[in-house]
Amino acid sequence: METPYIIDDRDGGRFKVARETFTSQEVFEKERDLIFQNCWLYLGHESELKEASAFVARTVADQNILFVRGRDNVIRALFNVCPHRGSTVCREKRGKAKTFQCMYHGWVFKNTGELAHLSGENAYSKDFKEGDESNLRPVPRLEQYAGFYFICFNKDVEPLEDYLAGSKEYLDVVSAQSAQGMEIIGGTQEYSIQANWKLLVENSVDGYHAESTHATYLDYLMNTNGGLTATRLAGKGYDLGNGHAVIEYSAPWGRPVAQWIPMWGEDGKKEINQVYDELVGRVGAETAEKIATKNRNMIIFPNLVVNDIMAITVRTFYPTSPNSMMVNGFAMGVVGESDWRREYRLSNFLEFIGPGGFATPDDVEALEQCQNGFKSAANAPWNDISKGMKAAVPSFDDELQMRAFWREWNRRISELEEK
């Protein structure tokens, strides 16, 4: 199959992506209209709204959203926009509030969205305050799976569980790591990258670059007393349907969920064994082994990444132009885990995945260098994503997972546009 954007030669084992897709303003606008307005987009995790009246204000696909657990204990997604003149209603990023007041003209809204107080009410018609148009507008669709909440701006979108397809299995693996549940730890890490958002999609499920781009981190672990086991990097890539994909693999680093390393000592080993035994008793030996010893990098189309590796990160990113994006990252952990496990979890998160760690600066540099290289797209027009295309069992360092994303991207941009 060949379109203006991809060459997908399955018989010949060739897959090419036009570099124009990373630089074109026209493509950027198509993505905004055909993808980000019509796909399920990650909003937040249930653990961020533990109590009634808790809220988080987020920007999702350039739109301001209030993620809030109302006074009635119902979780909602509301546009953070005053129905009067369009001002942002809530200017705090998170907190607890029974009401939100627009600073411009003083309209006050309940945290369930209804207009509570209308300044100068006598100047309006008698039933104005009771109409839906005077309330905060709800996002057309809000659904959750395994505690992960998604929104969609298209009210006619397919149900979330259908959309998630095979990615549900891996969200289940994350959510099953504790009988007490999972939680977002702390706040949001926000940073920008001067590169096209799809480069971060590829990078997030790219096992091929690890040993070269992140050699410094692997050297650091090798020179840390007891920082690694003898386990080698090995695994497979999977197409999960609907543009979602994952690489699942073994690795030598410690995983606070239940993979011990000598650095954690004998007391740590005892606790890790107890955690593993609890997993076996609760979910069975096969699933426990998968949870404890396997790493996962997953992309949920179009822009949610869940990396369950030496720590768990949840990451979203949105294009602000063809050559720039905003990234939001969140650390996730086990509710009620011991202090030392939480300490190592956060240390692993910041050391490797965080914006100041070993991995992220390397990745940012690589992506920005790619974007710089695309200036030559008129003369060198194609990226190659063919690795492992003819393999009977794709390895984690092949590129099946990128092709899964690009095929769905191409379907939405090329085929849906024609309709």
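**Aromatic pairs and a buried arginine**

Let me begin with two residues, phenylalanine 36 and tryptophan 197, both of which are buried. Please keep in mind throughout that what we are looking at is a predicted model.

The rings of phenylalanine 36 and tryptophan 197 have their centres 5.1 Å apart and their planes at 65 degrees, and because an angle over 60 degrees counts as edge-to-face, that is how this pair is classed.

A second pair is made by tyrosine 42 and phenylalanine 148, whose ring centres are 6.1 Å apart and whose planes stand at 50 degrees, which is a tilted arrangement. This pair, too, links distant parts of the chain, with tyrosine 42 in strand 3 and phenylalanine 148 in strand 12 (residues 148-152), 106 residues apart. Tyrosine 42 counts as buried because its relative accessibility is 3%, and phenylalanine 148 counts as buried because its value is 1%.

Taking the model as a whole, the count by this rule comes to 22 aromatic pairs. Phe36 and Trp197 also turn up as members of one aromatic cluster, which includes Tyr5, Phe22, Phe301, Tyr318 and Phe374, and also Phe405, Trp406 and Trp409.

Lysine 269 lies over the face of tryptophan 260, at 4.9 Å from the ring centre, and lysine 387 lies over the face of tyrosine 208, at 4.5 Å from the ring centre.

I would like to turn now to arginine 255, which lies in the loop between strand 15 (244-250) and helix 7 (265-283). Is arginine 255 buried or exposed? With a relative accessibility of 0%, arginine 255 counts as buried, because the cut-off for that class is under 20%.

If we leave out residues up to four places away in sequence, arginine 255 touches a run of neighbours including Ile291, Ala292, Thr293, Lys294, Asn295 and Arg296. Other contacts of arginine 255, under that same exclusion, include Gln177, Trp264 and Ile272, together with Asp308, Ile309 and Met310.

Technical notes:
Residues numbered from 1 in each chain as written. Predicted model: local features only at pLDDT ≥ 70, side-chain atom pairs only at ≥ 80, totals over all residues. Heavy atoms only, no water. Helix = DSSP H or I, 4+ residues; strand = E, 2+ residues; numbered from the N terminus. Buried < 20%, exposed > 50% of the residue type's maximum accessible area, 1.4 Å probe, protein only. Contact = heavy atoms within 4.5 Å. Phe/Tyr/Trp six-rings, centres within 6.5 Å; stacked < 30°, edge-to-face > 60°. Lys NZ or Arg CZ within 6 Å of the ring centre and 35° of its normal.
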